[in-house]
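This report goes through selected features of one protein model. Please have the sequence and the coordinates at hand while reading.

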Amino acid sequence: MEVLRPQLIRIDGRNYRKNPIQEQTYQREEDEEDFYQGSMECADEPCDAYEVEQTPQGFRSTVRAPSLLYKHIVGKRGDTRKKIEMETKTSISIPKPGQDGEIVITGQHRNGVISARTRIDVLLDTFRRKQPFTHFLSFFLNEVEVQEGFLRFQEEVLAKCSMDHGVDSSIFQNPKKLHLTIGMLVLLSEEEIQQTCEMLQQCKEEFINDISGGKPLEVEMAGIEYMNDDPGMVDVLYAKVHMKDGSNRLQELVDRVLERFQASGLIVKEWNSVKLHATVMNTLFRKDPNAEGRYNLYTPDGKYIFKERESFDGRNILKIFLFTHKVSL
């Protein structure tokens, strides 16, 4: 049941369950008009943050967006675009499906153009959040020494805890894929992928080299923790990651990278700081060995989904490796 595995929200250092009121499956197109009405209630105030060009005919503003999201601006039978145009007294030009380009907003009044731009941005942001993750930022932690330590950990867990509910070899991470995740991304075009690469290069030049001293950071994976609040029903078990020299350089580096990507809009701001960890066991791996992060609550066409997971009993693992001796991978 979903109520047993609710989404966790971290506020001021504490984890809170976000229990759903009800589960539902809906067709995005059928509900799009109602969604638009509700989302626009707080999007009418003009915003001076947008660049608006004055033309001989009035005013003009442009929005770059992946072609995959155009349909959410158009709406069923074009109703969403028509509604924005009518209420803001503007004209909105959208590239044809499959064609990259700019959404162009024109109108005789500056405030009308800004209002239409605000509404379009709200729709783009909302439906982008409903797309499945496509990429993630991470540091690989797959040195030979780390892989060997992980395999010893896996072997000992299976030898001592394989009789515990849900514990089997299928939920262990591939040792060659051990990594430290900085953040999850939804990149919907080649332009956004290129933007991400350029931003990483900028991070390297502006602060990564300074923090690292131009040398690889030596880190250690030691100690284990679990993601949820019930050790008898664990979905993700992870190893803690920290600098061998005891410094805060790794935390500073990943937090600044996260901050840069959040400011660009490429990563949705959910946390102010990266939790330094490396996943070693994940129940998503049972059905998909390549799974990463959490499943989104929506499919690309806007349907609400819930992915059933078989949790495992991690109490003995935690007792053996947390209290008997400190695991070092």
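## Lys 204 in α6

Lys 204 is partly exposed, because its relative accessible area of 39% lies between the 20% limit for buried and the 50% limit for exposed residues. Helix α6 holds this lysine. Between the C-alpha atoms of Lys 204 and Val 257 the distance is 9.3 Å, with 53 residues separating the two in sequence. The model is a predicted one, and every value in this report is computed from it.

## The α6/α7 pair

Helix α6 covers residues 190–212 and helix α7 covers residues 249–264. Their axes come within 10 Å and cross at roughly 150°. Angles over 145 degrees count as roughly antiparallel, and α6 and α7 are therefore roughly antiparallel to each other. The crossing of α6 past α7 is right-handed.

On the α6 side, the contact is made by Thr 196, Met 199, Leu 200, Gln 202, Cys 203, Glu 206, Phe 207, Ile 208, Ile 211 and Ser 212. On the α7 side, the contributing residues are Arg 249, Glu 252, Leu 253, Arg 256, Val 257, Arg 260, Phe 261 and Ser 264. Sorted by class, the contact of α6 with α7 has 9 nonpolar, 4 polar and 5 charged residues.

## The α3/α4 pair

The crossing in which α3 passes α4 is right-handed.

From α3, the residues in this contact are Thr 80, Ile 84, Glu 87 and Thr 88. They meet Gly 112, Ser 115, Ala 116, Arg 119, Ile 120 and Leu 123 of α4. By class, the α3 contact with α4 has 4 nonpolar, 4 polar and 2 charged residues.

Arg 77 is not a glycine, yet has a positive phi of about 60°. Its place is the loop between α2 (70–74) and α3. With a relative accessibility of 61%, Arg 77 counts as exposed.

Lys 89 is another residue other than glycine with a positive phi, here near 55°. Lys 89 is found in the loop between α3 and β5, the latter being residues 90–93. At 65% relative accessibility, Lys 89 counts as exposed.

## Met 281 in β11

Strand β11 covers residues 277–282 and includes Met 281. Is Met 281 buried or exposed? Its relative accessible area is 0%, so Met 281 is buried.

Leaving aside neighbours within four places in sequence, the residues in contact with Met 281 are Phe 153, Ile 171, Phe 172, Asp 235, Val 236, Leu 237, Phe 312 and Ile 317. For one of them, Leu 237, the C-alpha to C-alpha distance to Met 281 is 5.0 Å, across 44 residues of sequence.

## Two buried loop residues

Gln 173 has its place in the loop between α5 (144–161) and β8 (179–185). At 5% relative accessibility, Gln 173 counts as buried.

Asp 313 is found in the loop between β11 and α8 (315–324). This aspartate counts as buried, at 14% relative accessibility. With neighbours within four places in sequence set aside, Asp 313 is in contact with Asp 164, His 165, Val 167, Pro 231 and Gly 232. Asp 313 and Gly 232 are 81 residues apart in sequence, while their C-alpha atoms are 4.3 Å apart in space.

## The chain as a whole

The protein chain has 8 helices and 11 strands. Of its 329 residues, 43% are buried. Among contacts in the chain with a separation of 6 or more, 74% are between residues 24 or more positions apart.

The accessible surface of the protein chain comes to about 18900 Å². Carbon and sulfur atoms account for 48% of that surface.

Key: Residues numbered from 1 in each chain as written. Predicted model: local features only at pLDDT ≥ 70, side-chain atom pairs only at ≥ 80, totals over all residues. Heavy atoms only, no water. Left-handed = near helix turned anticlockwise from the far one by under 90°. Helix = DSSP H or I, 4+ residues; strand = E, 2+ residues; numbered from the N terminus. Contact = heavy atoms within 4.5 Å. Nonpolar A, V, L, I, M, F, W, Y, C, P; charged D, E, K, R; others polar. Buried < 20%, exposed > 50% of the residue type's maximum accessible area, 1.4 Å probe, protein only. Areas by Shrake-Rupley, 256 points an atom, 1.4 Å probe, with all protein chains shown as cover. Axes fitted to C-alpha atoms, helices over the stretch in contact; angles between N-to-C directions. Parallel < 35°, antiparallel > 145°, perpendicular 65-115°, else oblique.
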